[in-house]
Amino acid sequence: MTPLSSRSAPMRLASLVTAINVLVAAGFSIAGLVSPKSILPAGYAPTEASFIFAMYAAARTIPLAFMALIAIYKQSQSALLTLGTLAGFIQLLDAGVGLLQHDPGKSIGPLVIAHSNFSRCTG
């Protein structure tokens, strides 16, 4: 096993954090399509409007995940930085939704992932 060079280690970490970020975001949007009740606040019933909203969420997160995974595969540092930063902002907005729903689980996770992304981008 060869040791990681100083240049490849940050790239691998950035790739890992970005992959986790976009896959989590895409996973939640897919969960909203497949099982809307799993992402709605307790006591709320899925409606046609919640399904349409889930489709909009999937329309933004699935292509983002696809493009980020391509950037990781191609080892494109500039694309990874751009897509990782965008995904971090999306996670901050997702945390805001969790705060509005008074659901710590839907706030803390996105905040941790966003922090990881922004730490990776600036450090």
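A nonpolar core, as I use the term, is a set of buried Ala, Val, Leu, Ile, Met, Phe, Trp, Tyr and Cys residues joined through side-chain atoms within 4.5 Å. Buried means under 20% relative accessible area, exposed over 50%, and partly exposed in between (1.4 Å probe, protein chains only).

**Entry 1: ground rules**

I am working with a predicted model, where local features need pLDDT of at least 70, side-chain atom pairs count only at pLDDT 80 or more, and totals for chains, interfaces and linings use all residues. Residues are numbered from 1 along each chain as its sequence is written, and side-chain values use heavy atoms, with hydrogens and water left out.

**Entry 2: the overall picture**

I looked up the secondary structure and found four helices and zero strands, in the order α-α-α-α from the N terminus. Helices here are DSSP runs (H or I, at least four residues), strands likewise (E, at least two), numbered from the N terminus. Along the principal axes, the C-alpha atoms fill a box of roughly 50 × 25 × 25 Å.

Next I checked burial: 32% of the 123 residues are buried. The protein exposes about 7,900 Å², and carbon and sulfur atoms supply 73% of that area. Accessible areas come from the Shrake-Rupley method with a 1.4 Å probe; for residues, only the protein chains shown count as cover.

I then turned to contacts, meaning heavy atoms within 4.5 Å. Of those between residues at least 6 apart in sequence, 65% join residues at least 24 apart.

**Entry 3: the cores**

Which residues make up the largest nonpolar core? I count nine: V22, A26, L64, A65, A68, A71, L83, A87 and I90. The elements giving two or more residues to this core are α1 (8-34), α2 (48-74) and α3 (77-100). Helix α2 gives the largest share, four residues. Apart from this core lies another, of five residues, including M11, A14, I72 and L80.

Leaving aside residues up to four places away in sequence, I90 touches R60 and L64.

**Entry 4: nonpolar side chains on the outside**

I went looking on the surface too, and found a nonpolar patch formed by F51, I52, M55 and Y56, with about 400 Å² of accessible area together. Patch residues have over 30% relative accessible area and no salt bridge; like charges are joined within 9 Å, nonpolar side chains (Val, Leu, Ile, Met, Phe, Trp, Tyr) within 5 Å. I checked M55, which lies in helix α2 and is partly exposed at a relative accessible area of 40%.

**Entry 5: salt bridges**

One joins the side chains of R60 and D94 at 3.1 Å, N to O. This pair links distant parts of the chain, with R60 in helix α2 and D94 in helix α3, 34 residues apart. Both ends are partly exposed: R60 has a relative accessible area of 35%, and D94 has 22%.

The other joins K106 and D103 at 4.0 Å, N to O. D103 counts as partly exposed at 25% relative accessibility.

**Entry 6: around K106**

Not counting residues up to four places away in sequence, K106 touches I39, L40, P41, D94, A95, G98 and Q101.

**Entry 7: the loops**

Where does Q75 lie? I found Q75 in the loop between α2 and α3, with phi near 55°, a positive value in a residue other than glycine. Q75 is exposed, at 60% relative accessibility.

H102, in the loop between α3 and α4, has a positive phi of about 55° although it is not a glycine. H102 is exposed, at 72% relative accessible area.

My last stop was S38, in the loop between α1 and α2. S38 is partly exposed, at 47%, and its side chain reaches the backbone oxygen of S35 at 2.6 Å.

Terms used
A polar contact is a pair of N or O atoms within 3.5 Å; within protein, one must be able to donate a hydrogen and the other to accept it, and residues adjacent in sequence count only if both atoms are side-chain atoms.
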